[in-house]
Each structure stands twice: as structure tokens, then as C-alpha cells.
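Biologist: I am new to this structure and would like a close look at a single part of it. Please take one residue and follow its surroundings from there.

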Amino acid sequence: MFQKENNEKDIALVVAWQRGNTEALENLLAKYMPLIMKASIHHYDFSDWEDMRQYLIIKFIESANAYKAEMKVPFPAYIKRKILWFRFCRTRNLTISKSE
């Protein structure tokens, strides 16, 4: 469930990361690693879940860097949508390319 206090802490960490604080990014990654792990383990091909995890970490960093707090979108919802959408698209593209 969305909690305003957690969202404000996350946004503060994102803003700190966008200003160059790498420790803030490490804290965000630690907090959202369960989401990344769950998304990567549910990848359709279990043999390359570690590759998917790496792709999702990169997507997380890119998404955190692109996040705009002034849009008033809760960061947890934003990052979950980005991670799961990327996994879906990546899985779909890999499935299509393997079937050709």
C-alpha cells in the first residue's frame, strides 16, 4: 500500500541521486531490490534471470534519473510500472526473436 512518508523519503533519495549522491542511489537500489529480483525471477527463461536482473537494474537507474518529482506521481508506483513494463517488453522481444 502507498504510504506518503515512504514516498517522500524515496523522492528525497531520487533528488539526491539526480544531484550526484551515489549513496542515495545505493539506498534506493537496496530498497527496491526485492522488486527487481521478483521481476527477474519471473522472467520466462530461468536460465538467464541474472541477465534480466542486470537489465532491470540499469532500467531502474535510468528511470530514477528521469523521474520528475513535480509531476506528483508516487515514486513506488512509477518505478514498479517502469520495471514491469521493461520486463514485459524485453520478454516479448526475446520470445519473438526465438520463434523466428
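Modeller: Asp10 counts as buried, because its relative accessibility is 1%, and the cut-off for buried is under 20%. The model is a predicted one. Asp10 sits in helix H1, which covers residues 4–18. Leaving aside residues up to four places away in sequence, Asp10 is in contact with Leu28, Lys31, Tyr32, Phe75 and Pro76.

One of these contacts, Lys31, also forms a salt bridge with Asp10, and their closest N and O atoms are 2.9 Å apart. Lys31 belongs to helix H2 and Asp10 to helix H1, so the pair ties together parts that are 21 residues apart in sequence. In general, side chains of opposite charge can pair when their charged atoms come close. The structure holds one salt bridge.

On confidence, helix H2 (residues 22–41) has the highest mean pLDDT among the elements of the protein, 93. Helix H4 (residues 75–99) has the lowest, 78. For the protein, the mean pLDDT is 84, and 83% of the residues reach 70 or more. Where pLDDT is low, the predicted coordinates should not be read in detail.

Another lysine, Lys72, lies in the loop between helix H3 (49–66) and H4. Lys72 counts as exposed, because its relative accessibility is 70%. Lys72 has a positive phi of about 65°, although it is not a glycine. Most residues other than glycine have a negative phi.

Note on methods: Residues numbered from 1 in each chain as written. Predicted model: local features only at pLDDT ≥ 70, side-chain atom pairs only at ≥ 80, totals over all residues. Heavy atoms only, no water. Helix = DSSP H or I, 4+ residues; strand = E, 2+ residues; numbered from the N terminus. Buried < 20%, exposed > 50% of the residue type's maximum accessible area, 1.4 Å probe, protein only. Contact = heavy atoms within 4.5 Å. pLDDT = per-residue confidence, 0-100. Salt bridge = Lys/Arg side-chain N within 4 Å of Asp/Glu carboxyl O.
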